[in-house]
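Dear colleague,

Please find the structure below for your records.

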Amino acid sequence: MRTTSVAVLLTTVLLSLAACGGGDEPAATSAPAGSAAPPAVTIGAQLALTGPGSTLGTQSRAALEAALVEASSQGFAVTLDVRDTGSDPATALKELQSLHEQGVTTVIGPQTSSEAREILDFANQNGILLVSQGSTASTLAIPGAALYRMVPTAQVEGVASGDLITVNPGPRRVVVSHRDDAGNAGLAS
């Protein structure tokens, strides 16, 4: 379900951004005869293609590639600049800075809350929209911030998980084991 949701939402984001034409000019699905084609929109992607989280990263890349095919079939010129963060916050910041230098203003990702926390100030200061498919830390739900997340916060996910555990018959003792990062610590609490 999560992969399908990612694919649908990413397709929507890509098509919406492509329709905007990447600037202040009106969007066009096809250029009149003799005129230039609409400018290509470049979308950045910060994905964990290696290391922890690489399963979500490779699934997200496949969803993005499918969205690019759909955008192209609709006549939109969209390109994708994918960066491997390896789920490392410092790498995510370095790659976001590099995308910014290339003029990219919309980025799919980062996947983790730790990465999102590391890059959010830079994104806010530089007008970069982040669309994260995996960040859940409730501490990052900041009104007006440049971070849009496609999954529920850890508070919502934690309550749902707790409800699922308590409505099913069986053991009532739960041991929580998690990675010590923003998203997982929020989910555990």
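**Salt bridges and nonpolar cores**

Arg-61 and Glu-65 pair through their side chains in a salt bridge, with an N to O distance of 3.3 Å. Please note that the model is a predicted one. Both residues belong to helix 2 (residues 54-73), where they are four residues apart, about one turn of the helix. Arg-61 is partly exposed because its relative accessibility is 33%, and Glu-65 is likewise partly exposed, at 39%.

In the whole structure, the search finds three salt bridges. Arg-83 forms one with Asp-81, where the closest N and O atoms are 2.8 Å apart. Arg-83 also forms a salt bridge with Glu-95, and here the closest N and O atoms are 2.7 Å apart. This pair links distant parts of the chain, as Arg-83 lies in strand 2 (residues 78-84) and Glu-95 in helix 3, 12 residues apart. Through shared partners, the salt bridges join Asp-81, Arg-83 and Glu-95 into one network. Arg-83 counts as buried because its relative accessibility is 12%, under the 20% limit; Glu-95 is buried as well.

Turning to the nonpolar cores, the largest has 18 residues, of which Leu-96, Val-107, Ile-128 and Leu-130 touch the most other members. Helix 3 (89-101) and helix 4 (113-126) each contribute at least two residues to this core, and the largest share, five residues, comes from helix 4. Beyond four places away in sequence, the residues that Leu-130 touches include Leu-96, Val-107, Ile-119 and Tyr-148. A second, separate core holds 12 residues, among them Ala-45, Ala-71, Phe-76 and Val-78.

Yours sincerely

Notes
Residues are numbered from 1 along each chain as its sequence is written. This is a predicted model: local features need pLDDT of at least 70, side-chain atom pairs count only at pLDDT 80 or more; totals for chains, interfaces and linings use all residues. Side-chain values use heavy atoms; hydrogens and water are left out. A nonpolar core is a set of buried Ala, Val, Leu, Ile, Met, Phe, Trp, Tyr and Cys residues joined through side-chain atoms within 4.5 Å. Buried means under 20% relative accessible area, exposed over 50%, partly exposed in between (1.4 Å probe, protein chains only). Contact means heavy atoms within 4.5 Å. A salt bridge is a side-chain nitrogen of Lys or Arg within 4 Å of a carboxyl oxygen of Asp or Glu.
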